[in-house]
Amino acid sequence: MINMFTRVLKPNRGLLIIMAGMLFTGILLSSCSKGISKLLKNPDPAYKLRMAEQFFVKKQYTKAQQVYEDVMPYYKASKEFEDIYYKYAYCAYHLGDFMNAENLFKSYLEIFPNSTKAEEVDYMRAYSYYKQSPKPELDQTSTIKAMGMMQTFINTHPGSPRNKEATEIIDICRAKLEVKDFKSAQLYYDIGQFRAAGVAFTALMNSYPESLRGDEYKLMIIKSYYQFAELSIEEKKIERYEQVINECYEFTDRFPDSKLKKEAETFLNLSQTNIKNLNTNEQTKTPA
């Protein structure tokens, strides 16, 4: 019994190490905060600027950002102001505050339109928008904006070495939009909204005519309209199976070498057979 209580009350060595680490981190952060506060209270802007430069070089961007912001009013009319503003914008970028970084890069271009760094900053502004682009499932406003800004950059700087990367980013964004549209169309199919799925997959093909997944999208159009025909009332089935047949012929014409061609032909045969059976049943019902 004594041994059991001894084991229970015995300090957990791992927990003590974690607690000690948290205490040390807290002390360190408190010390850093006091250090920055003391620096910001220093009346010498030149000294503070030198310290900001050191923080920036050491990639201590939070500290650099605070000090740059503090000294900016002192250097607003000086030649150093451009470099301060440039690095201040990059602090926001490196800290992952891409929305603020985009605004700062934009302001930089407005304040220093003839800067030798204008092309770089113009690119970074567009790139900051790209960094805000979310997962395909989410709203893609930032993605679309990034594509437009990258294209504007290419048009504005036709000889820039950054144009290759800008073009690649446009392609990445476009692929993300394609994934989002595909998932939306697939969702219609999965929940049984087959007519809406057919329309959505058709729009997807029209929006991305050069997509490597074009035959997959076309097959989904066929499957969607086939399921729609299957669920239709008798009076509508023949014309809807005929739509499936037309889609199957278009598949063969557009993707003659597709690995999915055989599956498309299966739906063609099924639709033709169904129309034949429907016509036979109709003739049987018709009195002589």
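So, contacts along the chain: take pairs of residues at least 6 apart in sequence, and 54% of those contacts join residues at least 24 apart. Keep in mind that this is a predicted model. What is the chain built from? It has 13 helices and zero strands, so if you read off the elements from the N terminus, you just say alpha thirteen times. Of the 288 residues, 40% count as buried.

Okay, the core. The largest nonpolar core takes in 80 residues. Which residues have the most contacts inside it? Those are Tyr 68, Tyr 93, Phe 105, Tyr 123, Tyr 127, Met 150 and Phe 201. Helix α5 gives the largest share of this core, with 10 residues.

Let me pick out Tyr 93 from that list. Setting aside neighbours within four places in sequence, Tyr 93 is in contact with Phe 98, Ala 101 and Phe 105, and also with Met 124, Tyr 127, Ser 128 and Lys 131. Phe 98, Ala 101 and Phe 105 happen to be buried residues of α6, which brings me to that helix.

Helix α6 runs over residues 98-111, so to speak 14 residues, and it reaches 20 Å from its first C-alpha to its last, close to the 20 Å expected at 1.5 Å a residue. Which of its residues are buried? Phe 98, Ala 101, Glu 102, Leu 104, Phe 105, Tyr 108 and Leu 109. Look down the axis of α6 and these fall within an arc of 165 degrees, so they line one face of the helix.

Staying with α7 for a moment, let's talk rings. A search of the whole structure turns up 21 aromatic pairs. One to look at is Tyr 123 with Tyr 127: the ring centres are 5.9 Å apart and the planes are at 20 degrees, so the pair is stacked. Both residues lie in α7, four residues apart, about one turn of the helix. Are they buried or exposed? Tyr 123 is buried, and Tyr 127 is too.

There are also a couple of charges sitting over rings. Lys 117 lies over the face of Tyr 86, at 4.9 Å from the ring centre. Then Arg 213 has its charged end over the ring of Phe 182, 4.3 Å from the centre.

Now over to α12, residues 234-254. Its 21 residues should span 30 Å at 1.5 Å a residue, and the end C-alpha atoms are 31 Å apart, which agrees. The buried residues here are Lys 237, Arg 240, Tyr 241, Val 244, Ile 245, Glu 247, Cys 248 and Phe 251. They cover an arc of only 165 degrees around the axis, which puts them on the same side of α12. Over on the other side, Glu 235 and Asp 253 are exposed.

Have a look at Glu 247 in that list. Its relative accessible area is 12%, and the cut-off for buried is under 20%, so Glu 247 counts as buried. What does Glu 247 touch? Leaving out neighbours within four places in sequence, its contacts are Lys 218, Ile 221, Ile 222 and Tyr 225.

Next, Lys 261, which is found in α13, residues 261-285. Lys 261 has 24% relative accessibility, which makes it partly exposed. Not counting residues up to four places away, Lys 261 touches Phe 251, Thr 252 and Pro 256.

Last stop, a loop. Between α3 (45-57) and α4 (61-75) you'll find Lys 59. What is its phi? Lys 59 has a positive phi of about 65 degrees, although it is not a glycine. For background, most residues other than glycine have a negative phi. Is Lys 59 buried or exposed? Lys 59 is exposed, with a relative accessible area of 61%.

Note on methods
Residues numbered from 1 in each chain as written. Predicted model: local features only at pLDDT ≥ 70, side-chain atom pairs only at ≥ 80, totals over all residues. Heavy atoms only, no water. Helix = DSSP H or I, 4+ residues; strand = E, 2+ residues; numbered from the N terminus. Expected span 1.5 Å × (residues − 1). Buried < 20%, exposed > 50% of the residue type's maximum accessible area, 1.4 Å probe, protein only. Arc of directions from axis to C-beta. Core = buried A, V, L, I, M, F, W, Y, C linked by side-chain atoms within 4.5 Å. Contact = heavy atoms within 4.5 Å. Phe/Tyr/Trp six-rings, centres within 6.5 Å; stacked < 30°, edge-to-face > 60°. Lys NZ or Arg CZ within 6 Å of the ring centre and 35° of its normal.
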